[in-house]
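Thanks for coming. I have one structure to go through today, so let me put it on the screen.

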Amino acid sequence: MDLINVVEPRGYFDRANRFVPKPYYSLNEHKWQEKLDAFIDYQKENPDVPLPAREKYHGLNLGKWVSTQRTAYRQDTLSAERIERLEEAGFVWDAIEQQWQAGYQAFIDYQKENPDVLIPQRAQYHDYNLGVWVSNQRTDYNTGTLSAERIERLEDAGIVWDQLEEQWQAGYATLIAYKEEHGDVLVSRRAKYRDLNLGNWVDRQRTAKTRGALSTERIERLEEAGFVWDSNEEAWQAQYRAFIAYKEEHGDVSVPQKIKYQGYNLGRWASKQRWTKNKGTLSAEKVELLEEAGIIWGKRGRKNNDY
């Protein structure tokens with residue numbers, strides 16, 4: 001059989017090759033890898049921060065690229081190899097889940113930096129709307145739309161579902177901090193401490209107890225801290241403390257009638273103690289405390305009107 005030698009026109013294969021698809025890597029893989037590398041760098045620089053949909057990073061539309069990967073994943077058009085590489089890089093397929101994780105991490109970090117501090121509704125933390133996020137978790141919890149797994153994680157992190165309870169806990173923690181600094185919980189009515197109107201908070205506890213609206217558990221905790229329910233008794237204790245401080249500073253309790261000390265009319269207070277004792281209306285316990293401090297009950301006719 002004779003062989004036929006077919007001669008193709010010059011340049012035929014060169015022209016034909018233009019219509020043959022180039023290898024997948026050369027067309028698309030390089031750009032895809034470039035953006036994956038950028039994504040990894042972004043994650044290192046911004047750990048636990050969701051990537052906004054319109055975010056540009058080093059000149060790349062990285063936010064759009066991330067959205068594209070999620071869409072391809074949902075449509076089952078993303079290769080298994082790319083899925084694996086993305087997951088190794090920490091990629092989160094569910095954008096809503098990623099946002100929740102970012103809020104949760106911000107909540108954890110805030111709690112570490114600000115223990116026992118109430119998170120205000122409009123609180124911003126590292127440019128994250130943490131107050132709104134916490135409020136949303138409470139809403140989802142109350143409507144039964146928060147998963148058991150998230151509930152458990154939030155409770156482990158110390159969230160308080162009842163906002164009023166959280167406010168009480170914050171007030172109580174501030175009261176304890178005040179005690180650690182001052183040695184007691186004799187808080188004046190208008191006192192502010194650590195950005196809280198602590199005097200008002202204390203008054204509300206007394207009012208709630210008087211009305212029978214304060215739980216036994218809260219009463220016990222306050223009493224363990226040394227809380228004084230009678231505001232008149234508290235005022236007496238506060239001025240007695242100033243009386244003792246005066247003695248420590250001056251060596252005696254001969255307080256001039258018109259003197260003010262530590263914000264109190266201490267001279268008048270000392271005179272009132274003598275007057276109430278003479279009337280027989282000063283309790284034996286208070287008489288004993290004052291005598292231990294060195295008070296002199298009778299007038300001695302001093303020229304400087306000590307009494």
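What share of the 307 residues of the protein chain counts as buried? The figure is 36%. Keep in mind that this is a predicted model. The protein chain has 13 helices and zero strands. Among contacts with a separation of 6 or more, 48% come from residues 24 or more positions apart.

Now the charges. The count of salt bridges is 13. One of them joins the side chains of Asp203 and Arg189, at 3.1 Å from N to O. Asp203 sits in helix α9 (residues 198-210) and Arg189 in the loop between α8 and α9, so this pair ties together parts that are 14 residues apart in sequence. Arg189 counts as exposed, with 54% relative accessibility.

Asp203 also has a salt bridge with Arg206, where the closest N and O atoms are 3.4 Å apart. Those two residues are both in helix α9, three residues apart, about one turn of the helix. Both Arg206 and Asp203 are buried.

In helix α10 (residues 216-224), Arg221 and Glu217 are four residues apart, about one helical turn. Their closest N and O atoms are 3.6 Å apart, in another salt bridge. Glu217 is partly exposed, at 43% relative accessibility.

There is also a network of salt bridges that links Glu29, Glu81, Arg82 and Arg85.

Last, the surface. Glu34, Asp37, Asp41 and Glu45 form a patch of negative charge there. Of these, Asp37 lies in helix α2 (residues 24-45) and is partly exposed, with a relative accessible area of 35%.

Technical notes:
Residues numbered from 1 in each chain as written. Predicted model: local features only at pLDDT ≥ 70, side-chain atom pairs only at ≥ 80, totals over all residues. Heavy atoms only, no water. Patch = residues over 30% accessible without salt bridge, like charges linked within 9 Å, V, L, I, M, F, W, Y side chains within 5 Å. Areas by Shrake-Rupley, 256 points an atom, 1.4 Å probe, with all protein chains shown as cover. Salt bridge = Lys/Arg side-chain N within 4 Å of Asp/Glu carboxyl O. Lys, Arg positive; Asp, Glu negative; His and termini not counted. Charge placed at Lys NZ, Arg CZ, Asp CG, Glu CD. Buried < 20%, exposed > 50% of the residue type's maximum accessible area, 1.4 Å probe, protein only. Contact = heavy atoms within 4.5 Å.
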